[in-house]
Amino acid sequence: MKRARKRVLVAGGAGFLGSHLCERLLNDGHEVLCVDNFFTGSRENIRHLIPNPYFEVMRHDVTFPLFVEVDEIYNLACPASPIHYQFNPVQTTKTSVHGAINMLGLAKRTKAKIFQASTSEVYGDPTVHPQTEDYRGNVNPIGPRACYDEGKRCAETLFFDYHRQNGVNIRVARIFNTYGPRMHPNDGRVVSNFIVQALQGNPITIYGEGTQTRSFCYVDDLIEGFIRLMAAPDEVTGPINIGNPGEYTIRQLAENVVRLTGAKSEFVWKPLPQDDPLQRCPDITKAKTLLNWQPTIHLEEGLTRTIAYFADQLGVSLA
Ligand code: NAD
Ligand code: UDP
Ligand code: UDP
């Protein structure tokens, strides 16, 4: 008989997305083992989960083997923002590649179902718009973003080879830009940067002309997509885009943040980082048809919730 309560490993569980996933899995009645080396994650993100007797935290680096007994694995361990993944690029590639091998080896031995947090960055600076899963991407293999993009591409290769070669039950999600409470305030990502700058009355830093686009998904919507992908029939391996197709220029995002915070911040223009993608928007037809999933939280609502979180963190009172 199948046990309803599953033992679920969340690698990278103390990070932004991981902490929300741990919380959701505990709320759904599962046992959660959060594995993290605390490179970009923090105890603060999971402090509220510690009293739960079904929650366990293990300090561990996924580039080393891990022997535990689990039913499901979510592999989210990897620094995700350009500042963090470029801090030690060799370690970033190792985390994606060796981390995937170890998590897949663990899945193979325990016969656990395993989920990979892949990324829209596998499409690089895309020449197809919006991006469908069959688009093979336009990644510079030797640029400063390559440690992340190519590491994630290789991890996808490993997932599909373990699936074909060893029959491992895999789920690969290509995640597009996601935002919400518990984003790292200093990781340089655009939503956290703009909100923190606006709340502190500092200038909003727009890179390039601000005409590049991104599509922003609120974290709760994203986690619902993860859960549905994991619960889908075994033939639904992905890769499958999970993101919000609402597309905005970076300038529009800045204007929204200024309006919703009531900030007096002005805009300052900074150089566009190398290999910064010009546009990004998911085609989510597959997620809609195979998972019956689509985002429900509009940018304005999600930003309002995220602004409230950062205001609380920074001790700023909103008018
Ligand atoms: P995050 O940096 O907040 O979380 C990553 C977590 O992994 C952190 O807790 C970090 O300490 C941990 N970690 C890093 N290297 C590790 C290692 N070697 N061993 C064990 N733990 C390690 O980032 P996030 O935004 O929560 O992203 C989670 C996952 O989702 C990442 O794999 C990322 O690539 C992917 N993703 C995120 C986004 C996004 O917009 N947030 C978009 C696409 C993909
Ligand atoms: N591995 C792990 N935990 C396990 C099983 C395997 O960390 O429970 C690691 C193992 O150390 C190996 C990797 O996963 O480095 C790949 O395992 P696999 O069995 O595929 O390969 P092999 O051990 O044959 O190299
Ligand atoms: N960006 C910006 N100002 C900032 C931080 C980022 O204009 O203070 C831009 C960045 O150049 C990119 C977009 O916002 O075009 C999204 O950046 P982020 O690092 O959040 O995500 P990614 O580039 O990985 O999608």
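Helices (H or I, at least four residues) and strands (E, at least two) are DSSP runs, numbered from the N terminus. In those terms, Pro130 lies in the loop between E5 and H5, and the peptide bond from His129 to Pro130 is cis, with omega near -15 degrees. This is a predicted model, in which local features need pLDDT of at least 70 and side-chain atom pairs count only at pLDDT 80 or more, while totals for chains, interfaces and linings use all residues. Residues are numbered from 1 along each chain as its sequence is written, and chains are lettered from A and ligands numbered from 1 in the order in which they are written.

**Ligand surroundings**

- Ligand 1 is surrounded by 29 residues (C-beta atom, placed from the backbone, within 6 Å of the molecule), and the closest are Gly12, Gly15, Leu17, Thr40 and Gly41.
- At least two residues of the ligand 1 shell come from each of helix H1 (16–27), H4 and strand E5 (113–119); H1 gives the largest share, three residues.
- The ligand 1 shell has 14 nonpolar, 13 polar and two charged residues, where Ala, Val, Leu, Ile, Met, Phe, Trp, Tyr, Cys and Pro count as nonpolar, Asp, Glu, Lys and Arg as charged, and the others, Gly among them, as polar.
- Around ligand 2 stand Pro65, Leu66, Phe67, Ile101, Asn102, Gly105, Leu106, Lys108 and Arg109.
- Five nonpolar, two polar and two charged residues make up the shell of ligand 2.
- Ligand 3 has 16 residues around it, the closest being Arg189, Val190, Asn193, Thr205 and Tyr207.
- H6 and strand E8 (204–207) are the elements that give two or more residues to the ligand 3 shell, and the largest share, three residues, is from E8.
- By class, the residues around ligand 3 are seven nonpolar, six polar and three charged.

**Helix packing**

- Two packed helices are described by the angle between their axes and the distance between the axes.
- Helix H4 (residues 89–110) and helix H5 (residues 146–166) have axes that come within 8 Å and cross at roughly 15 degrees; axes are lines fitted to C-alpha atoms, for helices over the stretch in contact, and angles run from 0 to 180 degrees between N-to-C directions.
- H4 and H5 are therefore roughly parallel to each other (angles under 35 degrees count as roughly parallel, over 145 as roughly antiparallel, 65 to 115 as roughly perpendicular and the rest as oblique).
- H4 and H5 cross in a right-handed sense; a crossing is right-handed if the near helix is turned clockwise from the far one by less than a right angle, and left-handed if anticlockwise.
- In this contact (C-beta atoms, placed from the backbone, within 7 Å), H4 contributes Pro89, Thr92, Thr93, Ser96, Val97, Ala100, Ile101, Leu104 and Lys108, and H5 contributes Cys147, Tyr148, Gly151, Lys152, Cys154, Ala155, Leu158, Phe159, Tyr162 and Asn166.
- The H4 and H5 contact residues are 12 nonpolar, five polar and two charged.
- Ile101 and Lys108 of H4 belong to the contact with H5 and are also among the residues around ligand 2.
- Helix H6 (residues 190–199) packs on helix H8 (residues 250–261) at an angle of about 40 degrees, with the axes 10 Å apart, and this crossing is right-handed.
- Val190, Phe194, Ile195, Ala198 and Leu199 of H6 meet Ile250, Leu253, Ala254, Val257, Val258 and Thr261 of H8.
- The contact of H6 with H8 has 10 nonpolar residues, one polar and no charged.

**Backbone geometry**

- Most residues other than glycine have a negative phi, and most peptide bonds are trans.
- The Gly238 to Pro239 peptide bond is cis, with omega near 0 degrees, and Pro239 lies in the loop between helix H7 (219–231) and strand E11 (240–242).
- Lys111, not a glycine, has a positive phi of about 60 degrees and lies in the loop between H4 and E5.
- Lys111 counts as exposed because it has 11 C-beta neighbours inside 10 Å (buried means 20 or more other C-beta atoms within 10 Å of the residue's own, exposed 12 or fewer, and partly exposed in between, with C-beta atoms placed from the backbone).
- Arg182, also not a glycine, has a positive phi of about 75 degrees and is placed in the loop between strand E7 (178–179) and H6.
- Arg182 is buried, since 23 other C-beta atoms lie within 10 Å.

**Phe55**

- Phe55 is in strand E3 (residues 55–59) and counts as buried, with 20 C-beta neighbours inside 10 Å.
- Leaving out residues up to four places away in sequence, Phe55 touches Cys22, Leu26, Val32, Cys34, Leu49 and Ile50.
- From Phe55 to Val257 the separation is 202 residues in sequence and 35 Å in space, C-alpha to C-alpha.

Methods: Two residues are in contact if their C-beta atoms, placed from the backbone, lie within 7 Å.
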